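Please read it with the structure open alongside.

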Amino acid sequence: MAASSSFTLSHQSLISHPKLPTSTAAATTATLPLTAAKHGGALRGGSAWRRRVGSRATVVVRATAVESVESAVTTTDEVVAKSVNTIRFLAIDAVEKANSGHPGLPMGCAPMGHILYDEVMRYNPKNPYWFNRDRFVLSAGHGCMLQYALLHLAGYDSVLEDDLKSFRQWGSRSPGHPENFETPGIEVTTGPLGQGIANAVGLALAEKHLAARFNKPDAEVVDHYTYVILGDGCQMEGISQEACSLAGHWGLGKLIAFYDDNHISIDGDTAIAFTENVDQRFEALGWHVIWVKNGNTGYDEIRAAIKEAKSVTDKPTMIKVTTTIGFGSPNKANSYSVHGSALGAKEVEATRQNLGWPYEPFHVPEDVKKHWSRHTPEGASLEADWNAKYAEYQKKYPEEAAELNSIITGEFPAGWEKALPTYTPENPGDATRNLSQANLNALAKVIPGLIGGSADLASSNMTLLKMYGDFQKDTPEERNVRFGVREHGMGAICNGIALHCPGFVPYCATFFVFTDYMRGAIRISALSEAGVIYVMTHDSIGLGEDGPTHQPIEHLASFRAMPNILMFRPADGNETAGCYKVAVEKRKTPSILALSRQKLSQLPGTSIEGVAKGGYTITDNSSGNKPDVILIGTGSELEIAAKAGDELRKEGKTVRVVSFVSWELFDLQSDEYKESVLPEAVTARVSIEAASTFGWGKIVGSKGKAIGIDKFGASAPAGKIYQEYGITAEAVIEAAKSIM
């Protein structure tokens, strides 16, 4: 059973959010070329399909043409057909105006998009951040005009007509791929294929965890679905396999994925590189699989598939929806040419004729507007009903409500940081990975949204929360997440958790060198302002005998170059606690903690407060801000710098030793503070770090010296490698004397 914690928390409004912006029908016949195997042929990967991949068939569809927008009565089928075509042409017109974008996916996926946003999903367009809303992720983010059109029709203030007209332009709220930080209504940032489906797994994990932890037999306050549309490209990326494997293992029954099975990628028909049986793969992963064979006009098939998916509660569902990319375009449908470029004026006009669409660009017919307008009052009603239910929950279950409020609002209990451990030089030395675990377990008692785990290295990364069990299919209320050896999927899943609610504090762990396997997800963390904490142990050659395959060299420099991320390398217990304090506070900036395997001393002068400055003085025998030399270190090498400083002082030198635990935080300090730590007049500076010297020039200056490692490591005991690579106090002393 999960342990519980008790604290008081002031109630915030769960409605407001700082990001909120205050006919007579005639029929025409359209003939579209389609790959034969899509309509009744063999499953992808079958020999019959491979034999027929080059053949073409034609399908006749009936497209509704509207002669008058003043019609008093319009059938539901007519409105649906007109709404679907509205979505298509908003996408076509926006891409055409921008002369940039991807019209093919929105044209093919418009039916499933319409049914999701108009008939299935629960949301409040005037409050995109209502907690119990259904979440939607467009993993195939290049098709973002589909989602912008849907948000526009649904009444979101974030996507007005002018926003559609400024698609992909400077300052637009409709950027070239979905960005959660730009457009309210967008849950996660997608574009790099496969990231979105993995984010969706994180969102669904968050829902399952909260539902298990807080719902009561008489009060179900957490109850929402996660829907996602992914394409062939997402299926090909390995990250989707990692994440979907975990989704099946965890039994995420409220995750419903629509696979846009259109058989087209940028290089042409997917038969050139992708012939596996996706259905059978997902069944093997533990998913329920449904095939909608006519995603172009089979509205009832799509509805029935969603109904079936919702009836399966013990596993996620993949609905393979076979569509025609660029549906309605007479000359470009079902071809790569409609994937990533505007149709062109002639083909736009031909498509208007083909689908019987007589309207000017960006026009939304009045009956379509009227049909969609109900979502504003319905959404407000849904939220009001939930707020009333939640108010009763708070009365009946105040302790649970306090924890859930913290997760929903991001408001942590007052004084939470006092739970962080502190150390003195008299405390025994320890590896910072062990000190990290002490901090995680302290935080778990006071931060209700702390949840996370490791990529099959929990006993080495030291990331287990000792008072909790494992999040599993049948124990989703627990807070230790076992990701297995799936670093990339792990990072992206944590992004989804972080973006589910402001008060979630997800963390994940592996060896620092294996950030190479998850860099794409870490970059999306930084871009999408997802405050994931990356606990990265075995941070240098100090890990020893495992050798250069496991010894990071260039990694610190590479993350210091990445925008909106905090790269920490703490030297001892106080600094480790300081890193966690900042990491928890910075909910819109991810943090990486590079932690040691080897034991490190508890140093005099280090502090939690100093870490918040990024760089600070730990020892100094100078006066007037004029030391003879400044020695700068990070992590395990700060102790080396301190020892070198002690030796130089014995020779009568004035020495300042500076911890540079986070370059990014130091850069944020005032010029006056920076001058107090690194006075411009003192050019005798030596840095030491068991990693690449790249970037240290801006710290030590042209007259200073940077001691580091600009080649790969080696397999040997840590002490021997340090000696051979010159990462020693003697090397620091020699360098200092040469420049003083």
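In this predicted model, helix α2 (residues 76-98) packs with helix α12 (residues 366-373) at an angle of about 100°, and their axes are 10 Å apart. Because angles from 65 to 115 degrees count as roughly perpendicular, α2 and α12 are described as roughly perpendicular to each other. On the α2 side the contact is made by Val79, Lys82, Ser83 and Thr86, and on the α12 side by Asp367, Val368, His371 and Trp372. By class, the residues of this contact of α2 with α12 divide into three nonpolar, three polar and two charged.

From α13, the residues Trp386, Tyr390, Tyr393, Gln394, Lys395 and Lys396 meet Pro398, Glu400, Ala401, Leu404, Asn405 and Ile408 in α14. The residues of the contact of α13 with α14 divide into seven nonpolar, two polar and three charged.

The two pairs are set side by side below.

| Helix pair | Angle | Axis distance |
|---|---|---|
| α2 (residues 76-98) and α12 (residues 366-373) | about 100° | 10 Å |

Which residues line the largest cavity? The lining consists of Tyr117, Met121, Tyr123, Pro128, Arg133, Asp134, Arg135, Phe136, Leu151, Tyr156, Gly185 and Glu187, and the volume of the largest cavity is about 60 Å³. By class, this lining has seven nonpolar, one polar and four charged residues.

Phe362, placed in the loop between α11 (345-354) and α12, has a phi near 70°, which is a positive value in a residue other than glycine. With a relative accessibility of 8%, Phe362 counts as buried, because the buried class covers values under 20%. Asp456 likewise has a positive phi, about 65°, although it is not a glycine, and its place is in the loop between β10 (450-454) and α16 (458-461). Asp456 counts as exposed at 55% relative accessibility, since the exposed class covers values over 50%.

Is Gly268 buried or exposed? Gly268 lies in strand β7 (residues 268-269) and, at 7% relative accessibility, counts as buried. Leaving aside residues up to four places away in sequence, Gly268 touches His263 and Tyr336. Gly268 and Tyr336 are 68 residues apart in sequence, while in space their C-alpha atoms are 5.2 Å apart.

Glu639 is found in helix α22 (residues 636-650). With a relative accessible area of 17%, Glu639 is buried, because this value is under the 20% cut-off. Again not counting residues up to four places away in sequence, Glu639 touches Leu600, Ser601 and Leu603.

Conventions. Residues numbered from 1 in each chain as written. Predicted model: local features only at pLDDT ≥ 70, side-chain atom pairs only at ≥ 80, totals over all residues. Heavy atoms only, no water. Helix = DSSP H or I, 4+ residues; strand = E, 2+ residues; numbered from the N terminus. Buried < 20%, exposed > 50% of the residue type's maximum accessible area, 1.4 Å probe, protein only. Contact = heavy atoms within 4.5 Å. 1 Å grid on protein atoms, 1.4 Å probe; cavity = no way out; pocket = protein on both sides within 12 Å on 5 of 7 lines; lining within 4 Å. Points joined across faces, edges and corners; volume = space filled by probe spheres on them. Nonpolar A, V, L, I, M, F, W, Y, C, P; charged D, E, K, R; others polar. Axes fitted to C-alpha atoms, helices over the stretch in contact; angles between N-to-C directions. Parallel < 35°, antiparallel > 145°, perpendicular 65-115°, else oblique.
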